[in-house]
Amino acid sequence: MQRARNAVAHLALLVLAHLTPPGACDVAGGAGSVNALPAGGSSARLAPSFDAATPRNVTALVGKSAYLSCRVRNLGNRTVSWIRHRDLHILTVGGYTYTSDQRFQATHSPQTDDWTLHIKWAQQRDAGVYECQVSTQPVRSFFVTLHVVDCDEIYQRMFADDDPLNIMPSARILGGPDLHVDIGSTINLTCLIQFSPEPPAYIFWYHEDEVSGRKQVISYDSSRGGVSVVTEKGAATTSYLLVQDAAPADSGRYSCSPSNAEVASVRVHVLNGERPAAMQTGSAGLSNSSHCIIALLAACALHARLLRAQLAS
């Protein structure tokens, strides 16, 4: 009963938050913004704040999972909610889901600052702006834009010929060749396997310490703990590697090795504090939506042509 009362109270706060004057939650500045903190005193240091390095643009394939991250420091007893801006629908409050669409789920690992909105089987109608909101007064907000790409539609628009293409299966890790994450956050790697007539029989993830040269298979039941691998098979197979509570020892080269394609690798740097400006240019990853979308468009088009050539033969 008490949990139900708390949930109702959270919803009431969210409704009141959307009645605040325009600009009260502006991400560029002003009261309740990402960059605004109370002035002076110890309370300013403990006020909730968003990690500005969190990607603001995420690209997903139709039918695959989409993960929208929100990293909130000094949350205290406040609540994190996810809101879809298209219809101002409250999707989640804390760990509770407030929508009949069960594809939406909020996940949070204890001892971390990450609150992730997981959208299963993404559809093009899911594209748009999503708001990660903290229940302060006034509220603080962080906005993430989701792009959803449909391979079949891209093929129909861009190609009309039947020339077969001799394309070998390939694997790549999105956001490479270098990724930078803060200590204590979650390492989230996505490996995309394309141009394969059938899904790979297996996919292994490896971690290599580039200082010692030690290389080992990543296993969810390792003594380290906090490691999970999710693989979604289909015309294009996607494997997700999540490593929680990142530590300096987790830095190094990560490799995705499918049974039917060459190995794909990326370097992960776990940093303690602010990222040097010289390193930020190589770590855009999914936040650079234009480059990511262009790459996915080209890959989807080539994949569709290969499938059509195989069917014709």
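I began with strands β18 (residues 252-258) and β19 (residues 264-271) of this predicted model; I found them antiparallel and joined by five bridges. Within this pairing, I noted glycine 252 opposite valine 268 in β19.

I then traced the sheet around the pair. I read an open sheet of five strands with mixed pairing, in the order β12-β19-β18-β14-β15. β12 (178-182) and β15 (215-217) are the edge strands; each has a single partner, so one side of each has no neighbour in the sheet.

I looked up the link of cysteine 191 to cysteine 256, with an S to S distance of 2.0 Å. I noted -80° about the S-S bond, a left-handed link. Cysteine 191 belongs to strand β13 (residues 187-194) and cysteine 256 to strand β18, so the pair ties together parts 65 residues apart in sequence. I found both cysteine 191 and cysteine 256 buried.

The other entry concerns cysteine 70 and cysteine 132, whose sulfur atoms are 2.0 Å apart in a disulfide. I noted a left-handed link here too, with -75° about the S-S bond. Cysteine 70 is in strand β3 and cysteine 132 in strand β9, so this pair ties together parts 62 residues apart in sequence. I list cysteine 70 as buried at 1% relative accessible area, and cysteine 132 as buried at 0%.

Finally, I examined the nonpolar cores. The largest has 23 residues, and Leu68, Val72 and Trp82 are among those with the most contacts inside it. I noted that β3 (66-73) and β9 (128-134) are among the strands that each supply at least two residues of this core. Apart from it I located another core of 22 residues, including Ile203 and Ala264.

How values were computed:
Residues are numbered from 1 along each chain as its sequence is written. This is a predicted model: local features need pLDDT of at least 70, side-chain atom pairs count only at pLDDT 80 or more; totals for chains, interfaces and linings use all residues. Side-chain values use heavy atoms; hydrogens and water are left out. Two strands pair if DSSP finds at least two bridges between them. Helices (H or I, at least four residues) and strands (E, at least two) are DSSP runs, numbered from the N terminus. A nonpolar core is a set of buried Ala, Val, Leu, Ile, Met, Phe, Trp, Tyr and Cys residues joined through side-chain atoms within 4.5 Å. Buried means under 20% relative accessible area, exposed over 50%, partly exposed in between (1.4 Å probe, protein chains only). A disulfide is a pair of cysteine sulfur atoms within 2.5 Å.
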